[in-house]
Amino acid sequence: MPRVRLFAGLREAAHASEVMIEGETVGEVLETASTRFGSQFAAGLATAKVWRNGEEVDALQPVCPDDEIAVLPPVSGGSLDLGRQLGSGGLGTLIVVVGLVLGNLSGDLNLWAPILAAMVGLWTIDITSAAAERGYRVPVGALLIAEVVAVVLIHLMGPAAVLPALAMGVVFSLGAAVFVPRRRDLVSIGISAGIGTLACGALASLMLARSVYEPGGRTVGFFLVVAAGTIILAEVVQRVTTNRLLNRQNTVVIGVLVLSLLAAMLWGFSVPGFLLIGFGLAASYLAGEGFGALLRAGRLWSNPLPGILSNLDGPLCAGMTFFALLTLLA
């Protein structure tokens, strides 16, 4: 029998977050739910979005007994609405970027690691909340524990712990599915593993960039300048122009490359080497934005995206590759 997950006002109207309802199609399941839960539920259902196993569907789609249907009415308040009001470059992003800059400027490696972990943890909570709004079951607690373990491994073992640290996101995602039966959904496990790998990889990469390379503060400063500058540039261009040549993707590539060049010159780094690093960061940045958009909105380059830290999707993916790029090209 299909499982129906209810959110926001629909959950309140039904007095339940999950119900089991028979039906051959999505429409039949929802019609039965409307009859069972009354007019208030039916009114909310009229404007709701519906997902089957994490994919948005219409009423004609068939359902199987083991399918999960998530029903989400328009949100007023909460992370989705707040994200649209502030924008991905809003207060939440500013707090994270300022926190990272202050942690790097402190010059204390023992301070940098917990600040970095806290900021990545905030992003993890934000993106898993957006995933939950789309009906995915992502174990945020397990992912946060994985990130802590990754930080400890890098702190104790240094570069030798890169692969074990990366693996933590997958290990804890699978562990959550093993111990919590309702999380045994392959799509949600895959999404959880992707988020965990990205977060743990960014933590490992930026910790090592700060501790292995000299001067570590300037090396991480280079990355933060490129990331923060690109965030600002992409948001500004998006708001002031409709020129197709200056779409978000082109703006990100141009921003990363130009800022990489300027930052390398400012700090006296090898311009050819760090410009090549800039190319790698640009590709990773775009990959991260694509991953975040698919997870948060179900389609590439959607705007605005749910959540208040969606503009960190790209920089975190770029951060995950930063140490490898330094090792190969610096």
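**Figure 1. Packing of helices α7 and α8.** In this predicted model, α7 and α8 are roughly antiparallel to each other, because an angle over 145 degrees counts as roughly antiparallel. The two helices pack at about 160 degrees, with their axes 9 Å apart; axes are lines fitted to C-alpha atoms, for helices over the stretch in contact, and angles run from 0 to 180 degrees between N-to-C directions. α7 passes α8 in a right-handed crossing, a term used if the near helix is turned clockwise from the far one by less than a right angle. On the α7 side the residues are Ala-142, Leu-143, Ile-145, Ala-146, Val-149, Ala-150, Leu-153 and Ile-154, and in α8 they meet Val-162, Pro-164, Ala-165, Met-168, Gly-169, Phe-172, Ser-173 and Ala-176. Helices (H or I, at least four residues) and strands (E, at least two) are DSSP runs, numbered from the N terminus.

**Figure 2. Helix α7 and its surroundings.** Helix α7 (residues 140-157) has 18 residues and reaches 26 Å from its first C-alpha to its last, close to the expected 26 Å, where the expected span is 1.5 Å times one less than the number of residues. Its buried residues, among them Glu-147 and Val-151, are covered by elements including α6 (109-133), α8 (162-179) and α9 (186-211); buried means under 20% relative accessible area, exposed over 50% and partly exposed in between, with a 1.4 Å probe and protein chains only. After α7 comes Gly-158, whose phi is positive, near 70 degrees.

**Figure 3. Helix α9.** α9 has 26 residues and reaches 37 Å from its first C-alpha to its last, close to the 38 Å expected at 1.5 Å a residue. Because 20 of those 26 residues are buried, α9 is largely enclosed by the rest of the structure.

**Figure 4. Packing of helices α11 and α12.** The axes of α11 (residues 248-267) and α12 (residues 271-297) come within 8 Å and cross at roughly 150 degrees, which makes α11 roughly antiparallel to α12. The crossing of α11 past α12 is right-handed. Contact, meaning heavy atoms within 4.5 Å, is made by residues including Val-252, Val-256 and Leu-261 of α11 and Phe-274, Phe-279 and Tyr-285 of α12.

**Figure 5. Two residues of helix α2.** Ser-34 lies in α2 (residues 26-37) and counts as buried at 19% relative accessibility. Leaving aside neighbours within four places in sequence, Ser-34 is in contact with Phe-41, Ala-42 and Leu-45. Glu-31 also lies in α2, but is exposed, with a relative accessible area of 56%.

**Figure 6. The loop at His-15.** His-15 lies in the loop between α1 (8-14) and β2 (18-20) and is exposed, with a relative accessible area of 73%. Although not a glycine, His-15 has a positive phi of about 60 degrees. Most residues other than glycine have a negative phi.

**Figure 7. Confidence of the model.** The protein averages a pLDDT of 86, and 92% of the residues score at least 70; pLDDT is the predictor's confidence in each residue, from 0 to 100. Over residues 75-89 the pLDDT is below 50, and this stretch has 28 contacts in the model beyond near neighbours in sequence. Where pLDDT is low, the predicted coordinates should not be read in detail.

**Conventions.** Residues are numbered from 1 along each chain as its sequence is written, and side-chain values use heavy atoms, with hydrogens and water left out. In this predicted model, local features need pLDDT of at least 70 and side-chain atom pairs count only at pLDDT 80 or more, whereas totals for chains, interfaces and linings use all residues.

Technical notes: Parallel < 35°, antiparallel > 145°, perpendicular 65-115°, else oblique.
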